[in-house]
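Hi,

Here is the structure you asked about. My notes follow below it.

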Amino acid sequence: MSQPIDIAVLVSGSGTNLQALLDHQGSYRVATVVSDRPDAPALERARAAGAEAVVVTWTGDRDDFTHRVCDVLERAGVAWVVLAGFMRILGREAMERFPDRIVNIHPSLLPAFPGANAVAKALEYGVKQTGVTVHFVDEEVDHGPIIAQVPVEVLPDDDVGTLHARIQQQEHVLYPAVVDALVRGEIRVSGRKVEWRKQ
Ligand code: GRF
């Protein structure tokens, strides 16, 4: 592939997944990073890598917030929108303006443990296996068609920190690989079915 495809990464926190995505640029380029929090350490990672870093402040109105985020993404001219630890739920306008173009990573094997604190919920439940899911984003939380999953074993002495650290190791490998396949056109979605096809 000659020209990299521009993507946006949406963040709220530390941005280790953003860092993995930045470190694996090639078929894609992280053109812009959007955060709802001005103090997100992820913004520093974006700037250090030469990507545009934009703060879109949450004001309590999801539709208005979604509209402003979409305007930033459209202005940046990105082909894909990659959520990486982004703690806001985007409204319908985002799905309409970027249909089948928004993906998210979640630290559990969905549909188990959607929403916040997925690692703690898995530990509390006592599952022996949890993991990572990358999925397309729809209007429901952690619900859209599943693109890829990697299991992670829960060890007897795990706490949230140790388990999340092992989950994140998998995330940092999986997410850049999925984004690479997306921009190469190797992933097709139809309804809830997601197909991987080598070009
Ligand atoms: C990741 O575990 C991701 O699965 C979840 O939020 C966390 C973000 O971590 N959605 P980071 O900001 O990428 O370090």
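The largest share of the shell around the ligand, three residues, comes from helix H6. H6 spans 160–183, and the other elements that give two or more residues to that shell are helix H1 (16–23) and strand E5 (102–106). Helices (H or I, at least four residues) and strands (E, at least two) are DSSP runs, numbered from the N terminus.

This is a predicted model: local features need pLDDT of at least 70, side-chain atom pairs count only at pLDDT 80 or more, and totals for chains, interfaces and linings use all residues. Residues are numbered from 1 along each chain as its sequence is written, and side-chain values use heavy atoms, with hydrogens and water left out.

**The ligand**

Which residues surround the ligand? They are Ser14, Gly15, Thr16, Asn17, Gly85, Ile105, His106, Pro107, His164, Gln168 and Glu171. A residue is near a molecule if one of its heavy atoms lies within 4 Å of it. The shell divides into two nonpolar, eight polar and one charged residue. Here Ala, Val, Leu, Ile, Met, Phe, Trp, Tyr, Cys and Pro count as nonpolar; Asp, Glu, Lys and Arg count as charged; the others, Gly among them, count as polar.

Now the distances. A polar backbone atom of glycine 15 is 2.8 Å from an oxygen atom of the ligand. An N or O atom in the side chain of histidine 164 is also 2.8 Å from a ligand oxygen. For glutamine 168, a polar side-chain atom lies 3.1 Å from an oxygen atom of the ligand. Taken alone, the ligand exposes 370 Å², and the protein buries 87% of that. These areas come from the Shrake-Rupley method with a 1.4 Å probe; for residues, only the protein chains shown count as cover.

The ligand sits in the largest pocket. A pocket is found on a 1 Å grid over the protein atoms alone: it is an open set of points where a 1.4 Å probe fits, with protein on both sides within 12 Å along at least five of seven lines. A molecule sits in a pocket if more than half of its atoms lie within 2 Å of its grid points.

Threonine 133 is in strand E6 (residues 129–136). Is it buried or exposed? Threonine 133 counts as buried because its relative accessibility is 0%. The cut-offs are under 20% relative accessible area for buried, over 50% for exposed, and partly exposed in between (1.4 Å probe, protein chains only). The side chain of threonine 133 makes a polar contact with the side chain of glutamine 149, at 2.9 Å. A polar contact is a pair of N or O atoms within 3.5 Å; within protein, one must be able to donate a hydrogen and the other to accept it, and residues adjacent in sequence count only if both atoms are side-chain atoms.

Serine 35 lies in strand E2 (residues 28–35). Serine 35 is buried too, at 0% relative accessibility. A polar atom of its side chain lies 2.7 Å from the backbone oxygen of arginine 37.

**Backbone points**

Most residues other than glycine have a negative phi, and most peptide bonds are trans. Aspartate 100 has a positive phi, near 55°. Aspartate 100 is in the loop between helix H4 (92–97) and E5. Asparagine 117 also has a positive phi, of about 60°. The peptide bond from leucine 110 to proline 111 is cis, with omega near 15°.

Best wishes

Notes: 1 Å grid on protein atoms, 1.4 Å probe; cavity = no way out; pocket = protein on both sides within 12 Å on 5 of 7 lines; lining within 4 Å.
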